[in-house]
Amino acid sequence: YLAETGNRPYFLVARDETGIVKGVLLGFRERVGEEDQDAGRPTFFGFVERRARRIFPVFRVLNGPLILDKKRAGEIGRAIWEEVDRICIADRIFQLRGRRPIHGPSPCVGSVESAAGKEVISSPWGTYLIDLTLTESEMWKKLKRPARKAIRRAEAQGVTVKMIRGGAGLVDYVELLRKTRKSLGLSFPPIFPNQKMWNCLGEKGSLQVFVAEVGNAICYGLGVLSFNGILFEIGVARKLDVEAGGFAGDLVKWKIMCWGAEMGNRVYDLTGVAPDPKNRKEEGIRRFKSKFGGAYVEFPLYTKTYSPCKAVLLRQLKKIRLDG
């Protein structure tokens, strides 16, 4: 899917002297073409962002590295990061961005910064992990009272939830997702559900999309990526101008929890809350996601900049955008 959307994936594998795999890492260089999937901002800033991809190319690391030999974790981690550095320097990458794996024991945790070099800057982030190995009644009991109340109110409003199978339902969901992002002044990143992602992952069962309807009209939608017993939610789409279905998001999350447990998954990752909310929006997101009985987990996002001069330029561009 990354390749289909113009990104350049790298599947890094570290082997020992005998050829046995000891560590793996998936990373990709973000696409640098002119195509933009609905910037959602004023024309000037959309123009700047499209050009910025060429000036400030980014290499992203997805949940890694994963180390398979605890005794040699430091050695393996350094070897992987040395190769990442080589790729980034050769490809004139501006910035490396990634996060540690958090869904199980990882001997590399605690050594990412030292392995990747002192230039790495860590910033905290958080999420809620819901235990899907519990029974449905056990999960219901772990919900906070506001979540149970909201689910019942959504059902009383006539909200129904279904998993769509592509086709017109997917088109309607993606359109609502675009409108949602645009109304919030946000871009449409390549990791959000769209037709290409569905073609690559939906038919294989690695992507599901759940939608809530009132009177056969979608009022809320949410994508779910699944891998190795872990569900990751992406792509919240919602109508902001309707009273009916105001609690649809709670019902959708509950249905995903029940479906995920039934399918034998272990964890539902609500993918992101601010550890220290800075505004009402961040406070609201954290309050909403905390209702579903998940365990709160913090982890670092790490960033490594290869061009200090470009970093200064980027800060000035961001200042111009905020002032505007």
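Predicted model: local features only at pLDDT ≥ 70, side-chain atom pairs only at ≥ 80, totals over all residues.
Cys219 has a relative accessibility of 5%, so it counts as buried, since the cut-off for buried is under 20%. As for disulfides, a search through the whole structure turns up zero.

Now the chain as a whole. How many helices and strands does the protein chain have? The count is 10 helices and 11 strands. The protein chain has 324 residues, and 46% of them are buried. Its accessible surface is about 17200 Å², and carbon and sulfur atoms account for 54% of that. Then the contacts. Take those between residues at least 6 apart in sequence: 71% of them join residues at least 24 apart.

Is Lys22 buried or exposed? Lys22 is buried, because its relative accessible area is 17% and the limit is under 20%. What does Lys22 touch, apart from its neighbours within four places in sequence? Its contacts are Ala14, Arg15 and Asp16, then Leu66, Ile67, Leu68 and Asp69, and also Ile76.

The other residue is Glu155. Look for helix α5, residues 145–156, and you will find Glu155 in it. Glu155 has a relative accessible area of 44%, so it is classed as partly exposed; that class lies between 20% and 50%. Glu155 and Ala248 are 93 residues apart in sequence, yet their C-alpha atoms are 8.5 Å apart in space.

That is what I have.

Note on methods. Residues numbered from 1 in each chain as written. Heavy atoms only, no water. Helix = DSSP H or I, 4+ residues; strand = E, 2+ residues; numbered from the N terminus. Buried < 20%, exposed > 50% of the residue type's maximum accessible area, 1.4 Å probe, protein only. Contact = heavy atoms within 4.5 Å. Disulfide = S-S within 2.5 Å. Areas by Shrake-Rupley, 256 points an atom, 1.4 Å probe, with all protein chains shown as cover.
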